[in-house]
2 protein chains.
Amino acid sequence: MPVNLKAPVAQDLAPIAGVRIGVTEAGVRKANRKDLTVFLLDEGSHVAGVFTKNRFCAAPVQICREHLAVRGKAGGAIRAMVINTGNANAGTGADGLARANATCDALATLLKIDAKQVLPFSTGVIMEPLPVDRITAGLPAAIADAQPGNWAKAAEGIMTTDTIAKAFSAKAVVGGKTVHVTGISKGAGMIRPNMATMLSFLATDAAIDAALLPALAKQLADQSFNRITIDGDTSTNDSFVVVATNQAGNAAVTDWNSADGQALMAALRDVAQKLAQAIVRDGEGATKFIQIEVEQGSNEEECRQVAYAIAHSPLVKTAFFASDPNLGRILAAVGYAGIEDLDQTKIELYLDDVHVATRGGRNPSYEEADGQRVMKQQEIVVRVQLGRGTANTTLWTCDLSHDYVSINADYRS
Amino acid sequence: MPVNLKAPVAQDLAPIAGVRIGVTEAGVRKANRKDLTVFLLDEGSHVAGVFTKNRFCAAPVQICREHLAVRGKAGGAIRAMVINTGNANAGTGADGLARANATCDALATLLKIDAKQVLPFSTGVIMEPLPVDRITAGLPAAIADAQPGNWAKAAEGIMTTDTIAKAFSAKAVVGGKTVHVTGISKGAGMIRPNMATMLSFLATDAAIDAALLPALAKQLADQSFNRITIDGDTSTNDSFVVVATNQAGNAAVTDWNSADGQALMAALRDVAQKLAQAIVRDGEGATKFIQIEVEQGSNEEECRQVAYAIAHSPLVKTAFFASDPNLGRILAAVGYAGIEDLDQTKIELYLDDVHVATRGGRNPSYEEADGQRVMKQQEIVVRVQLGRGTANTTLWTCDLSHDYVSINADYRS
């Protein structure tokens with residue numbers, strides 16, 4: 001059961017002018033499953049993406065990077081995206097690249113565009129050959145299904161072992177025009193890692209200076225998907241794509257510090273963060289949603305180090321699962337996070353409003369009943385103060401439960 | 001059930017001339033439990049130790065470092081060690097230091113030595129005040145119990161949630177004299193992390209140049225305890241101590257490259273590695289013992305990075321638990337280990353004798369039945385070749401099972 005997360009209602013999701021989506025059952029790995037999704041983008045759309053840092057990145061990721069680079073230089077544009085579930089096309093060598101290219105070729109032929117105008121995405125089992133024939137056979141049906149109102153269907157179409165579809169919308173007024181933002185995501189390199197991928201697609205009809213788009217994608221990822229972790233496993237296929245169709249009629253945003261820029265950025269960030277948090281809320285076996293705040297670091301990087309050490313500690317995660325205020329485990333994680341000159345006598349630890357540790361030791365006024373009360377909640381904020389400076393960071397994660405082991409131990413068997 | 005590990009038999013453990021050990025029940029946390037152990041060392045013994053790198057290191061670790069540094073300069077010597085279970089005296093601030101010092105004072109008074117000649121060790125729950133009164137009350141009985149033949153009893157006396165005691169002996173001929181090595185260990189910062197400590201004590205009657213001892217302790221740790229990992233949690237209390245009593249009558253070893261030096265080193269390393277591996281074999285919930293070999297790195301550090309990424313991946317560990325040859329998970333871990341310029345097309349992967357992946361993709365001759373056969377074994381060797389150089393490393397770890405979650409989620413409750 002996901003933690004405080006409901007399935008999207010189709011009517012609540014704003015269509016994005018210039019984006020049509022089609023979904024079909026191609027039988028990639030199993031029958032009777034929506035497993036093939038296409039995004040068709042009007043001319044004039046701009047696209048940017050950020051991808052996994054895993055050096056074992058999958059074939060489609062390599063091709064996405066190549067096609068985005070070509071388009072950026074040649075001035076052409078990405079006009080379509082194709083996503084299959086059931087197979088990650090990762091760990092597949094040169095043959096995997098050929099198969100991903102074949103998928104792009106097939107879709108380009110049907111749409112009468114260049115293959116380099118297509119971005120391919122795959123998610124599923126690693127190290128198995130991609131069944132290109134089934135995918136290309138399914139493309140005509142996916143294209144025939146394409147319409148602007150299919151965001152909820154697409155959110156289902158990219159699911160793998162997710163228990164719930166993930167989609168959100170927001171809007172903003174930019175230059176007197178109402179602009180819309182809608183996005184979908186699926187878990188996750190770090191959550192559904194057997195399925196090997198976190199994917200997210202976010203689109204807006206707002207006009208945005210094309211030159212701003214690559215940095216925008218990176219900034220949004222840094223404020224959302226790069227702040228979640230389930231088990232520390234970085235997938236081979238992680239991809240986050242931002243599309244701006246430029247059809248809302250606003251004057252193009254050229255400066256994020258302008259009032260218009262800030263309004264649009266707030267809507268974009270809202271959707272990106274909800275999509276990212278939804279992945280954690282639907283994390284494998286998750287029963288709790290944990291926000292980790294690390295404050296008073298000398299720089300943001302060391303705050304991230306500490307936050308990740310806490311978030312990845314199996315001991316901390318199992319304590320959350322058990323609602324056990326065994327909070328020394330958090331202090332231990334802070335200690336081994338890798339800050340060489342950390343002074344343990346300056347550490348403060350809070351669990352929501354409860355002040356657990358002060359100056360590196362147990363807070364004299366702390367009572368276990370207070371820790372217990374917070375640990376029983378479904379949503380918990382852990383706040384660590386390092387006493388070294390003014391930098392801070394926030395991370396979202398979940399607990400480690402029996403179901404995590406069951407899901408990962410039993411999935412393929 | 002530990003993996004291929006039997007309890008030590010007292011008669012198989014060689015006493016070390018110059019070392020007497022006493023164990024008693026002090027009721028530190030629970031009654032009727034051997035929880036207090038003292039080591040009494042003859043004059044002329046030399047002692048060195050290596051300790052946790054966790055910046056939240058426990059009070060006793062801070063005092064061990066201080067006392068070893070004082071002795072090293074003043075030319076005096078450590079004459080006693082005192083170990084309690086049930087309480088780690090970590091995350092306890094200035095009060096924790098005072099309590100650890102009080103323990104040293106009490107033992108020093110009874111033995112008529114300086115408090116700085118005592119090394120204190122604690123293992124147990126974090127962030128609780130150490131019950132010094134119970135410990136000092138138990139010291140006379142522990143001293144009265146002291147005798148050379150008590151190694152097996154000490155191995156039990158330092159156990160916390162270990163399911164089995166861990167002790168090994170070896171011998172070597174050095175300068176015509178037979179010398180003995182005996183050691184004990186307990187899990188573990190990384191295995192019994194709620195109990196917050198891996199402890200190991202190793203002693204030899206061989207004469208060794210005192211100046212060599214600190215580097216010896218570090219080298220032995222690097223070849224044994226620093227090569228094991230269960231869940232990546234580095235404890236606040238990890239300690240490994242080497243004692244040389246210089247009573248075997250051999251001319252002191254001054255050069256590890258001599259024939260005598262090599263013979264002694266082999267015996268020391270043998271015991272240290274068996275003690276370290278025993279901790280993994282008795283890992284929380286462990287059902288498999290995994291040896292990870294990473295070869296062809298450009299340096300040892302990057303080999304270690306890759307080995308740890310594999311060993312810490314919850315996905316890899318759950319696959320081992322399930323005997324599921326889902327080996328793409330290992331490739332993914334290699335990819336995110338942090339080697340920026342890793343070329344995935346040069347990676348080779350073996351599972352025991354089975355060649356699973358070649359040039360970064362599935363080996364055409366690999367059949368899942370072969371992977372399945374190896375995955376079902378209790379002991380498995382994972383071998384990764386990076387194709388970058390000639391460096392290599394070896395690491396030992398275990399799988400991640402339902403019992404790991406149960407033990408860590410339920411322990412304190």
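Visitor: How many residues of helix H9 (residues 328-335) of chain A are buried?
Guide: 8 of the 8 are, so helix H9(A) is largely enclosed by the rest of the structure. Buried means under 20% relative accessible area, exposed means over 50%, and partly exposed lies in between (1.4 Å probe, protein chains only). Helices (H or I, at least four residues) and strands (E, at least two) are DSSP runs, numbered from the N terminus.

Visitor: Which residues are those in H9(A)?
Guide: The buried ones are Gly328(A), Arg329(A), Ile330(A), Leu331(A), Ala332(A), Ala333(A), Val334(A) and Gly335(A).

Visitor: Before we go on, what kind of model is this?
Guide: This is a predicted model, where local features need pLDDT of at least 70, side-chain atom pairs count only at pLDDT 80 or more, and totals for chains, interfaces and linings use all residues. Residues are numbered from 1 along each chain as its sequence is written, chains are lettered from A and ligands numbered from 1 in the order in which they are written, and side-chain values use heavy atoms, with hydrogens and water left out.

Visitor: Thanks! What does Thr318(A) touch?
Guide: Not counting residues up to four places away in sequence, Thr318(A) touches Arg329(A) and Leu400(A), plus Tyr404(B), Val405(B), Asn408(B) and Ala409(B). Contact means heavy atoms within 4.5 Å. Thr318(A) sits in helix H8 (residues 314-321) of chain A, and its relative accessible area is 0%, so it counts as buried.

Visitor: And Thr103(B), is that buried or exposed?
Guide: Buried, because its relative accessibility is 5%. Thr103(B) belongs to helix H2 (residues 93-111) of chain B. Leaving aside neighbours within four places in sequence, its contacts are Val82(B), Leu130(B), Val132(B), Ile135(B) and Leu139(B).

Visitor: Let's switch to sheets. In what order do the 5 strands of the open sheet in chain A come?
Guide: The order is S3-S9-S8-S7-S6, with mixed pairing. Two strands pair if DSSP finds at least two bridges between them. Strand S3 (46-51) and strand S6 (166-174) of chain A are at the edges with a single partner strand each, so one side of each has no neighbour in the sheet. From one strand to the next, the twist averages 15°.

Visitor: How many bridges join S6(A) to S7(A)?
Guide: There are 9, and S6(A) runs antiparallel to strand S7 (residues 177-186) of chain A. In that pair, Val174(A) stands opposite Lys177(A).

Visitor: Which strands does helix H6 (residues 259-281) of chain A touch?
Guide: H6(A) packs on the sheet and touches S6, S7 and strand S8 (199-204) of chain A, with its direction at about 170° to that of S6(A). Axes are lines fitted to C-alpha atoms, for helices over the stretch in contact, and angles run from 0 to 180 degrees between N-to-C directions. Helix H5 (residues 213-222) of chain A lies across S3 and strand S9 (239-244) of chain A, at about 40° to S3(A).

Visitor: What about chain B: which way does S11(B) run relative to S15(B), parallel or antiparallel?
Guide: Parallel: 7 bridges join strand S11 (residues 289-297) of chain B to strand S15 (residues 379-385) of chain B, and Val294(B) stands opposite Val384(B). Another 7 bridges join S11(B) to strand S16 (residues 391-398) of chain B, antiparallel this time, with Gly297(B) opposite Ala391(B).

Visitor: Which non-glycine residue has a positive phi of about 60° in chain A?
Guide: Asn32(A) has one, and it lies in the loop between strand S1 (19-24) and strand S2 (36-41) of chain A. Asn32(A) counts as exposed because its relative accessibility is 70%.

Visitor: Last one: what pLDDT does chain A average?
Guide: The average is 89, and 94% of the residues score at least 70. pLDDT is the predictor's confidence in each residue, from 0 to 100. Over residues 189-196 of chain A the pLDDT is below 50, though this stretch has 49 contacts in the model beyond near neighbours in sequence. Where pLDDT is low, the predicted coordinates should not be read in detail.
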